[in-house]
Amino acid sequence: MNMSGLGAIAVLEACKGVLALLVAVAVHVLAGTNLHQEALNLFAYFHLASNNHYVEMSLGGIDKITHSGLTVVTAIAIGYALIRFIESYGLWHRMRWTEWFAFLSGAVYLPFEIYEVIKDQNAITIGVLAINLVVVGYMYFVLKTGSRKHKPKEDESVVSASV
């Protein structure tokens, strides 16, 4: 398969899967450490005072994290990565059901992404929304026009039936 729009989206989905696996590994590694102390070290590295309101809020939240909570986050990240890898494989091989899955899973996020752009306009929120709009729009185009690409054409079915 040459690198088409579906190929580019497949690569994007694979990258999301890799990032999710990295999150799972990082959370798993952090499960055996003192999270409070690690956060203090990180804040000190960035020269943030420990009496800063946001630092105190962060430390309060970190102190509430349990080992089972980290296990749940790890499991969710692994599950998300698995879904993204399956979607990537299916898009790469032009499987029709993954085209629908990519369209629907991208469309589900649009209201939340629009809300985030309205609430806090910055390069990240606008970029994420723009990329997702392109993906959802392209998947809509593929689904709308691509039905002929998944079925054999009449003359192809005649040729294959006569061979």
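Start by selecting G7, which lies in helix 1 (helices here are DSSP runs of H or I with at least four residues, numbered from the N terminus). Before moving on, a word on what you're looking at: this is a predicted model, where local features need pLDDT of at least 70 and side-chain atom pairs count only at pLDDT 80 or more, while totals for chains, interfaces and linings use all residues. Residues are numbered from 1 along each chain as its sequence is written, and side-chain values use heavy atoms, with hydrogens and water left out.

Is G7 buried or exposed? G7 counts as buried, because its relative accessibility is 0% (buried means under 20% relative accessible area, exposed over 50%, partly exposed in between, with a 1.4 Å probe and protein chains only).

Next, show helix 1 and helix 4 together. Their axes are 8 Å apart and they pack at an angle of about 165° (axes are lines fitted to C-alpha atoms over the stretch in contact, and angles run from 0 to 180 degrees between N-to-C directions). That makes helix 1 roughly antiparallel to helix 4, a label for angles over 145 degrees. Their contact has 21 nonpolar, 5 polar and 4 charged residues (Ala, Val, Leu, Ile, Met, Phe, Trp, Tyr, Cys and Pro count as nonpolar, Asp, Glu, Lys and Arg as charged, and the others, Gly among them, as polar).

Now hop to the loops. H47 sits in the loop between helix 2 (35-45) and helix 3 (53-63). Its phi is near 60°, a positive value in a residue other than glycine. Most residues other than glycine have a negative phi. H47 counts as exposed, at 73% relative accessibility.

R94 is in the loop between helix 4 and helix 5, and R94 has a positive phi too, near 55°. With a relative accessible area of 27%, R94 is partly exposed.

Which helices each supply at least two residues of the lining of the largest pocket? Select helix 1 (5-30), helix 4 (67-92), helix 5 (96-119) and helix 6 (123-145).

Key:
Parallel < 35°, antiparallel > 145°, perpendicular 65-115°, else oblique.
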